[in-house]
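Please keep the sequence and the structure in view while reading.

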Amino acid sequence: MSRYLALVPAAGSGSRFGGPSPKQYLQLNNRPLMWHTLQVLCQVEAISQVVVVISPGDEWFDDFEWDLPKLSVQRVGGASRAESVRNGLQAMEAAEQDWVLVHDAARCCLSVAAVERLIATLADDPVGGLLALPVPDTVKRADGEGRISATVPRQGLWLAQTPQMFRAGLLAQALAAAAVADITDEASAVEQYGHKPRLVEGDAQNFKVTYPRDLALARAILAARKD
């Protein structure tokens with residue numbers, strides 16, 4: 001029987017954030033930001049294992065108490081997201097037919113309901129897919145001078161989120177065949193491999209903490225859920 005496994009690549013430095021440590025370790029409601037991410041995945045009943053992939057030289061992970069069931073850590077992170085995911089897949093020894101849900105460490109406002117919806121929708125899918133949101137706003141393309149060169153029709157446009165859920169065998173093959181520098185998410189590797197991942201509507205609260213100002217919104221969302 002196929003298992004559901006979660007893999008969280010967390011070997012990045014968070015250079016755009018500009019904090020004293022990688023953003024996944026910054027304090028958010030008295031916990032490391034990444035703790036909130038991992039605890040949601042651990043709450044999903046269908047997920048049997050949650051693996052976080054960190055850099056071999058990570059200096060922060062052991063400074064915190066994670067106290068989460070199902071969680072294990074692999075110090076096999078690479079120079080890119082794709083490398084970290086590929087190395088993590090090898091380390092976790094997933095069977096080819098196991099489902100792997102890859103999730104961004106910095107998407108700390110993920111909900112259990114969204115993960116359960118993704119799993120239920122894709123359980124019998126031949127390819128797999130990802131959470132995503134239809135683009136709600138008018139989209140403009142800029143020229144080299146920062147002026148509008150075109151208005152892009154938003155019909156059919158989606159904003160990719162995570163988790164992105166694929167069979168371990170397919171994902172490993174897709175990542176092995178792809179040019180790592182061109183891969184920004186797992187779905188793009190699977191697309192290049194000749195498949196069409198399914199889009200499953202996500203949640204606007206499942207945003208990626210990228211800049212310091214994003215922490216205030218994350219705090220508000222998590223506080224509201226607790227209340």
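Two strands are said to pair if DSSP finds at least two bridges between them. In this predicted model, Ala6 stands opposite Leu101 in S6. Ala6 itself is found in strand S1, and S1 and S6 pair in the parallel sense over four bridges.

These two strands belong to an open sheet of seven strands, whose order is S5-S4-S1-S6-S10-S7-S11 and whose pairing is mixed. At its edges lie strand S5 (71-74) and strand S11 (198-201), each of which pairs on one side only. From one strand to the next, the twist averages 30 degrees.

S6 and S10 pair in the antiparallel sense, over four bridges, and here Trp99 stands opposite Arg167 in S10. Strand S7 (residues 128-134) pairs with S11 in the parallel sense, again over four bridges; Leu131 has Val200 as its bridge partner in S11.

In a regular strand, side chains alternate between the two faces of the sheet. Strand S6 shows two such directions: Trp99 and Leu101 point one way, Val100 and Val102 point the other way, and all are buried.

Helix H2 (residues 81-92) lies across strand S1 (4-9), strand S4 (47-53), S5, strand S6 (99-102) and strand S10 (158-167). Relative to S1, the helix runs at about 140 degrees.

Because its relative accessibility is 0%, Ala6 counts as buried. Leaving aside neighbours within four places in sequence, the contacts of Ala6 are Leu41, Ile47, Gln49, Val50, Val51, Met92 and Leu101. Leu41 is 35 residues away along the chain, and its C-alpha atom is separated from that of Ala6 by 7.1 Å.

Which charged side chains join distant parts of the chain? The structure holds six salt bridges. In one of them, Asp98 meets Arg3, with the closest N and O atoms 2.8 Å apart. Asp98 is in the loop between H2 and S6 and Arg3 in the segment before S1, so that this pair links distant parts of the chain, 95 residues apart. Asp98 counts as buried at 3% relative accessibility, whereas Arg3, at 33%, counts as partly exposed.

Another salt bridge joins Asp62 and Arg75, the closest N and O atoms being 2.8 Å apart. Asp62 is in the loop between S4 and S5, and Arg75 is in the loop between S5 and H2, 13 residues apart. Asp62 is exposed, with a relative accessible area of 61%; Arg75 counts as partly exposed at 32%.

The side chains of Arg81 and Glu186 also meet in a salt bridge (2.8 Å, N to O). This pair links helix H2, which holds Arg81, with helix H5 (residues 186-192), which holds Glu186, across 105 residues. Glu186 is buried, its relative accessible area being 1%. Both residues take part in a network of salt bridges that links Arg81, Asp104, Arg107 and Glu186.

The cysteines remain to be considered. A disulfide is a covalent bond between the sulfur atoms of two cysteines. A search of the whole structure finds zero disulfides. Cys42 counts as buried at 8% relative accessibility, and Cys108 counts as buried at 1%.

Key: Residues numbered from 1 in each chain as written. Predicted model: local features only at pLDDT ≥ 70, side-chain atom pairs only at ≥ 80, totals over all residues. Heavy atoms only, no water. Axes fitted to C-alpha atoms, helices over the stretch in contact; angles between N-to-C directions. Contact = heavy atoms within 4.5 Å. Buried < 20%, exposed > 50% of the residue type's maximum accessible area, 1.4 Å probe, protein only. Disulfide = S-S within 2.5 Å. Salt bridge = Lys/Arg side-chain N within 4 Å of Asp/Glu carboxyl O.
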